[in-house]
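Here's a friendly walk through one protein model, for anyone meeting it for the first time. Have a look at the picture, then read on.

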Amino acid sequence: MKLTVLLGIVAVVAMVTALHEPIPPPPHKDLVGNARWIVKFSNVSILATHSSFLDGYPFAQNKDVADGLYNESLSSGVPIVYESYMATIAHDIKKDPRVTLTYSAEFTHFCQDKGLDNDDPRCGKVMLSGEMEAVTDESEITWAKYGMFARHPATSLWPPSHGFTFFKLNIKNIFALDFFGGATQHMNVTEYLNYKLDF
């Protein structure tokens with residue numbers, strides 16, 4: 001009985017520990033690194049589209065995202081979402097693929113651990129803008145499943161009959177902020193994509 005309880009405690013501690021990021025974000029002067037860190041360790045993002053049912057209005061929803069596994073350094077920096085063609089967002093993307101995905105370090109443990117409010121500039125923000133497209137390459141689909149199904153296990157059980165498909169963002173612009181002094185409105189996309197998170 002005592003062993004069972006002990007193993008249960010160990011399992012809970014392991015789960016809680018795993019939820020925290022394995023490495024801290026880079027220093028604030030490394031804005032590209034911070035942007036990649038936030039995208040890597042966020043499990044959700046806010047996806048804003050041009051609404052297909054509210055003419056002229058933007059429409060935003062929180063979405064599961066994954067950039068590889070949570071506890072390893074492999075990452076692409078490219079947002080991946082898993083969506084049904086029956087969903088509102090899929091209709092929006094079909095009408096106009098231009099979107100913005102918003103990430104905040106508030107979606108990780110960093111800001112809470114540091115006692116930072118979400119609107120504090122030191123609680124980093126990244127807005128990735130571009131065009132969403134369905135993932136069709138088999139190696140990219142394997143990568144998408146690798147991260148999404150591990151970080152959001154329920155998604156692997158969603159019914160195939162609903163037409164769930166992986167979508168990725170073809171990044172055109174990056175807006176980022178991680179400290180006082182104003183945001184970088186046009187981060188170099190190539191530099192962002194080539195950045196390596198090592199741990």
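Strand S6 (164-177) gives the second largest pocket the largest share of its lining, with four residues. Bear in mind that this is a predicted model. Helix H5 (138-151) also puts in at least two residues, as S6 does. If you want to find the spot yourself, look for Ser76, Val78, Ile80, Glu133, Val135, Glu140, Trp143, Lys168, Leu169, Asn170, Ile171 and Leu193, which line this pocket. The space in the pocket comes to about 190 Å³.

H5 is 14 residues long and spans 20 Å from its first C-alpha to its last, close to the 20 Å expected at 1.5 Å a residue. Which residues of H5 are buried? They are Ile141, Ala144, Gly147, Met148 and Arg151. Looking down the axis of H5, you'd see these buried residues fall within an arc of 140°, so they line one face of the helix. Here's the general idea behind that: an α-helix has 3.6 residues a turn, so residues three or four places apart point the same way. Over on the other side of H5, Glu138, Ser139 and Thr142 are exposed. As for neighbours, the buried residues of H5 pack against helix H2 (31-41), strand S2 (58-64), strand S3 (80-84) and S6.

That brings us to H2. How many of the eleven residues of H2 are buried? Eleven of the eleven are, and the helix is mostly covered. Among these buried residues are Leu31, Trp37, Ile38 and Phe41. They pack against quite a list of elements: strand S4 (98-104), helix H4 (110-114), strand S5 (125-134), H5, S6 and helix H6 (189-194).

Lys40 lies in helix H2, while Ala134 sits in strand S5. Are they buried or exposed? Lys40 is buried, with a relative accessible area of 0%, because buried means under 20%. Ala134 has 27% and is partly exposed.

Leaving aside residues up to four places away in sequence, Lys40 touches Asp67, Gly68, Leu69, Glu72, Ser73, Leu74, Ser75, Arg151 and Leu197. Arg151 belongs to the buried residues of H5.

| Pair | Places apart along the chain | C-alpha separation |
|---|---|---|
| Lys40 and Leu74 | 34 residues | 9.0 Å |
| Ala134 and Lys168 | 34 residues | 6.4 Å |

Lys168 takes us back to where we started, as one of the residues lining the second largest pocket.

Finally, let's step back to the whole chain. The protein has six helices and six strands, and along the sequence they follow the pattern α-α-β-β-β-α-β-α-β-α-β-α. Of its 199 residues, 41% are buried. Among contacts with a separation of 6 or more, 71% are between residues 24 or more positions apart.

How values were computed: Residues numbered from 1 in each chain as written. Predicted model: local features only at pLDDT ≥ 70, side-chain atom pairs only at ≥ 80, totals over all residues. Heavy atoms only, no water. 1 Å grid on protein atoms, 1.4 Å probe; cavity = no way out; pocket = protein on both sides within 12 Å on 5 of 7 lines; lining within 4 Å. Points joined across faces, edges and corners; volume = space filled by probe spheres on them. Expected span 1.5 Å × (residues − 1). Buried < 20%, exposed > 50% of the residue type's maximum accessible area, 1.4 Å probe, protein only. Arc of directions from axis to C-beta. Contact = heavy atoms within 4.5 Å.
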